[in-house]
Amino acid sequence: MLNVCVIGCGRAGRIHAKSYAGGVTGARLLAVCDPSEEARASAAADFGAARTFADWHDALADPDIDAVVVVTPTGLHRDIVVAAAAAGKHVFCEKPMASSEAECDEMIAACEQAGVKLQIGFMRRFEESVQHAKEAIDAGEIGDVVLVKSLTHGPSHPKEWMYDVRKSFGPIGEVSSHDFDLLRWFAGSEVKSVYAVGGNFRSPEVAAEWPEWYDTFAMTLTFDNGVLGMVDGAQYVQYGYDFRFEVLGTRGSILVGQQPRETYTVATADGRIRRPMNNSWTYLFREAYIREAQAFVDAVAQNTETRVTGHDGKMAVRLVNMGLESLLGHSVVFGS
Ligand SMILES: NC(=O)c1ccc[n+]([C@@H]2O[C@H](COP(=O)([O-])OP(=O)(O)OC[C@H]3O[C@@H](n4cnc5c(N)ncnc54)[C@H](O)[C@@H]3O)[C@@H](O)[C@H]2O)c1
């Protein structure tokens, strides 16, 4: 039984705590850690964690903890992951893995040196429709992959700290690192170049103070193996949480569409059709979070490579940085 401590009990941390509180075989939630007393107390009560820590250093010193799930604000990921590896804990780290590739390298090296597993939180790879699409591609059902397209639109108003895109990366980092990961996965290659354009369409009142803020972007990508890519991302779209994905091959195409929350449709005499819109990633990916946690536990138990590696995390960080550089610099950016 793998004893897990979730470090960071906010929106995403609570999802992970819930997974380990019962949804995952071979692991259990032993502890939660958060400097906010309210956050850690409610997570411990809601998900039955026997131990709580205000400081992650103390959690890492607990010899009964075998693995940590790092779900703090991104700026803390590097320090916690490097220290967790040194303490011999297996690591699951949320995306974005870190802010820079150099930080990712440190995290990967620390886990390799300590001989602990490292998995990054790209749970979309564990979403059932996405997995079917990948299997169809790997089986050659649509021929060779030609073009991979993905979009993610989030409903919520941007948080104040996001307006400084030099720190937050804006929607390219906050919304779309999942899209970048899937594009790499489906293209089967690394990115050669990106070109991104964007604008602030929904928050004109912050434009004077934050002239670089963009709430919507469109990006084209080329891959080393010749595959083409397109991503668009947006925040504060208000109509719901929208994730769609399309792969064009030489002999077919695959569409993964995720807008509706339910499968029923109401048609009325005035000629209207109503279908409930999905409005949250927590709902849309509820099964995927459990499957990614199970995959992490299985990788530890069977001593295999994790299914989303530190390299995958680093490549998504690279794309976020290239995308923002392109958008702000109005130029094509080439990967190294
Ligand atoms: N995979 C996904 O779909 C997904 C979704 C949302 C967020 N995330 C990622 O998860 C991470 C957390 O995001 P969130 O939306 O849950 O943020 P959040 O602000 O809701 O929660 C962060 C929590 O971390 C706690 N925290 C702050 N400093 C800490 C410290 N030193 N030690 C321990 N805990 C500390 C905060 O008190 C808070 O409870 C980010 O990296 C984010 O990008 C991933």
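## Salt bridges and ligand shell in a predicted model

Student: At 1% relative accessibility, does Asp215 count as buried or exposed?

Tutor: In this predicted model, the relative accessibility of Asp215 is 1%. The cut-off for buried is under 20% relative accessible area. Asp215 therefore counts as buried.

Student: Which residue meets the side chain of Asp215 in a salt bridge?

Tutor: The N to O distance of the pair is 3.3 Å, and a salt bridge requires the two atoms to lie within 4 Å. Asp215 and its partner both lie in the loop between strand E8 (191–199) and strand E9 (216–223), so the pair ties together parts that are 13 residues apart in sequence.

Student: How many residues apart are Arg184 and Asp312, which link distant parts of the chain?

Tutor: Arg184 forms a salt bridge with Asp312, with the closest N and O atoms 3.2 Å apart. Arg184 lies in helix H9 (residues 177–187) and Asp312 in helix H12 (residues 310–329). Arg184 is buried at 8% relative accessible area, and Asp312 is buried at 10%.

Student: Which helix holds Asp46, the residue linked to Arg14?

Tutor: The side chains of Arg14 and Asp46 meet in a salt bridge of 2.6 Å, N to O. Arg14 belongs to helix H1 (residues 11–23), and the two residues are 32 apart in the chain. Arg14 is partly exposed at 27% relative accessible area, as is Asp46 at 46%. Asp46 lies in helix H2 (residues 37–47).

Student: What share of the ligand's accessible area does the protein cover?

Tutor: An oxygen atom of the ligand is 2.9 Å from an N or O atom in the side chain of Thr74, and an oxygen atom of the ligand is 3.0 Å from a polar backbone atom of Lys95. On its own, the ligand has 850 Å² of accessible area. The protein covers 80% of that area.

Student: How many nonpolar residues does the shell around the ligand have?

Tutor: The ligand is surrounded by 25 residues, and the closest are Arg11, Ala12, Asp34, Glu94 and Tyr289. By class, the shell has 8 polar and 4 charged residues. The number of nonpolar residues is 13.

Notes:
Residues numbered from 1 in each chain as written. Predicted model: local features only at pLDDT ≥ 70, side-chain atom pairs only at ≥ 80, totals over all residues. Heavy atoms only, no water. Helix = DSSP H or I, 4+ residues; strand = E, 2+ residues; numbered from the N terminus. Buried < 20%, exposed > 50% of the residue type's maximum accessible area, 1.4 Å probe, protein only. Near = heavy atom within 4 Å. Polar contact = N/O pair within 3.5 Å; in protein donor to acceptor, adjacent residues only side chain to side chain. Areas by Shrake-Rupley, 256 points an atom, 1.4 Å probe, with all protein chains shown as cover. Nonpolar A, V, L, I, M, F, W, Y, C, P; charged D, E, K, R; others polar.
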